[in-house]
Amino acid sequence: MSSLKFTNDTPVVMHWFRKGLRLHDNPALLHALSLFKGRGKIYPVYIVDGNSYQLMKCSVMRARFLLECIRDLDEGLRSRGSRLYVASGDPVEVLPRLWEEWGVTHLTHEADESGEPYATERDGAVREAAKKAGVEMREFYSETLLPLGDVPGGYVRNCGGAADGVPFTMSSFQSLLGRINGGKIPLPLEAPTKDDFPEQNDDGYEKKYLPLSHPCDIEWPRGYTKDEIGPVWNRNDCKDKTLNPIAKGGESFALLRLEQSVTRRPDWTASFEKPNTSCTEVSSPSTTALSPYLSLGCLSPRTAWHAIESANKKASPKTNRSKPPVSLHGQLLWRDFNNLMAHSANTQNPGSWGRIRGNPYCRNIPWSSDAKLLAAWKEGRTGYPWIDACMAQLRTEGWIHHLGRHAVACFLTRGDLWQSWEDGADHFEGQLLDADYALNNFNWLWLSCSGFFYQYFRCYSPVAFQKKNDPNGNYIRKWVPQLANLPAKYIYEPWKAPVAILSSAGVKLGITYPRPIVDHAVISKENMSKMSLAYDMYKDAQDDSKQNAKKSKSSGDSGGGPAKKKGKAQMKLK
């Protein structure tokens, strides 16, 4: 391919949309538009890439949500006299063809700082292709409140530039944020207007590079079989009328939900405390449900931050204001913290985040592997109605309240089934509309007590945990309808109901509803003993590693004499 040369008279700029599927607070797009100075062309582009994190493992709902986001973005651009050019395939191959077709001189995009393996490999290859083609490529940091890495204003930069030196607790992360510009979050940038886009003739392209109209139009991931990609579906699955996603995709819907859930409810926003929200609501979410929009960048975290700040200021003086980490601002801080941990892990050992092996933040627990137990959990056949209800909601809406996620994750791993958190994270990645590489894996590390949270003796009961909040079991009655006619006394524990009561409710244990696959009262105690043993083994391994390192340092010390003592914090595993 011939090298493309930039001339001051005819700049041709491509903005490559990836996860930042929005026009507001999009510095990369605004920079692309700033290059025109009254002349040149712009091509906003999206590549539907079956190998991307967004599509490699995805349910019908998640695929449809992404296509809705793409169509909404196209509509937003068309209202400004532009449009979105949508192609399919490997960006490393597709982008150079488009550069040559359009004579592209500049490429802008939002940076992916988490270190997600496929995105890292893809961006490196595109960078090389751009260099070869003479295309100037520039990335911008807008996926998180502040940049993650060793760049101006970034978290790593403000920790001395070393990714392994970042804080790994929420409290210390908040302290770090407070040291960066006084904890002030930059104001979001305005969306471009019609006047910002150059007049551009689209002749010959009116019916080309259009957004996909159906999930089955998405190309199969390259180099993978059905067994390797997670949920597999067809056109009949797309017609499933029982699917009722929690959100409709697109920037316009994201901004509308932000207004409805935050801006219009200043007192609610100011007093919001995540642990106090209900996970058994059957009509509407007790939280903002903005997470699907944040995961694909339909909503800027900085826009969300300042909308919350504005609402807080409008709240009544009598309102008891909450604070991070449980407040709405705190939820955005958790998001940045999770992303920073992913960035740190992958900088230390590329691709380690989301895995047990090589992950500097993960303790290696010897989990079991039982395909039948895993399938029962995925399909909501555990025999524990609260757990099965959560999994049914996930399957139907692509979303569960965070406390529901806590319960099912604990049940799968350290609580009851003793299955690997990697399997749970894999399933959530395929089903959740808000699936996010950094956040999903952080949550599974935390909930399995493999990283960041180590109080394994605190175990969620699949019976008592929500019984006090929803004594009538309304949530179970909605999501496990075969139990809907049971009396409240037995709705959480149908195996304790007399046969006559089960019969009158139309329930036949083992036939219409499964018996419990484990005895929680017994197995949870056994698993706590396993966790205790695993922690002891981890501590011994750490101590051995430190002793070996100390011996190695001592034997290699040309100055002789005893090795210097380490600080107290380094002496023992806490």
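What volume does the second largest cavity have? Read on through these close-ups of a predicted model.

**View 1. The second largest cavity has a volume of about 90 Å³.** Its lining is made of 14 residues, and Gln54, Arg62, Ser295, Leu296 and Ala435 sit nearest the centre. Two elements, H2 and helix H3 (60-78), each hand over two or more residues to this lining. H3 gives the most, with 3 residues. Sorted by type, the lining of this second largest cavity comes out as 8 nonpolar, 2 polar and 4 charged residues.

**View 2. The largest cavity holds about 220 Å³ of space.** Here 20 residues do the lining, and the closest to the centre are Arg18, Lys19, Ser52, Gln54 and Arg122. Strand S1 (12-17), strand S2 (41-48), helix H2 (53-56) and helix H5 (117-133) are the elements giving two or more residues each. H5 gives the most to the lining of the largest cavity, at 3 residues. By type, the lining of the largest cavity splits into 10 nonpolar, 2 polar and 8 charged residues. The whole structure has 4 cavities of 30 Å³ or more.

**View 3. Helix H6 (residues 170-179) has Met170, Phe173, Leu176 and Leu177 buried.** These four span an arc of only 110 degrees around the axis, so they end up on the same side of H6.

**View 4. The buried residues of H6 pack against helix H12 (328-348).** Just after H6, look for Asn181, which takes a positive phi of about 55 degrees.

Methods: Residues are numbered from 1 along each chain as its sequence is written. This is a predicted model: local features need pLDDT of at least 70, side-chain atom pairs count only at pLDDT 80 or more; totals for chains, interfaces and linings use all residues. Side-chain values use heavy atoms; hydrogens and water are left out. Buried means under 20% relative accessible area, exposed over 50%, partly exposed in between (1.4 Å probe, protein chains only). The arc is that of the directions from the helix axis to the C-beta atoms. Contact means heavy atoms within 4.5 Å. On a 1 Å grid over the protein atoms alone, a cavity is a set of points where a 1.4 Å probe fits but cannot get out, and a pocket is an open set with protein on both sides within 12 Å along at least five of seven lines; lining residues have an atom within 4 Å of a point. Grid points are joined across faces, edges and corners, and a volume is the space filled by probe spheres set on the points. Ala, Val, Leu, Ile, Met, Phe, Trp, Tyr, Cys and Pro count as nonpolar, Asp, Glu, Lys and Arg as charged, and the others, Gly among them, as polar.
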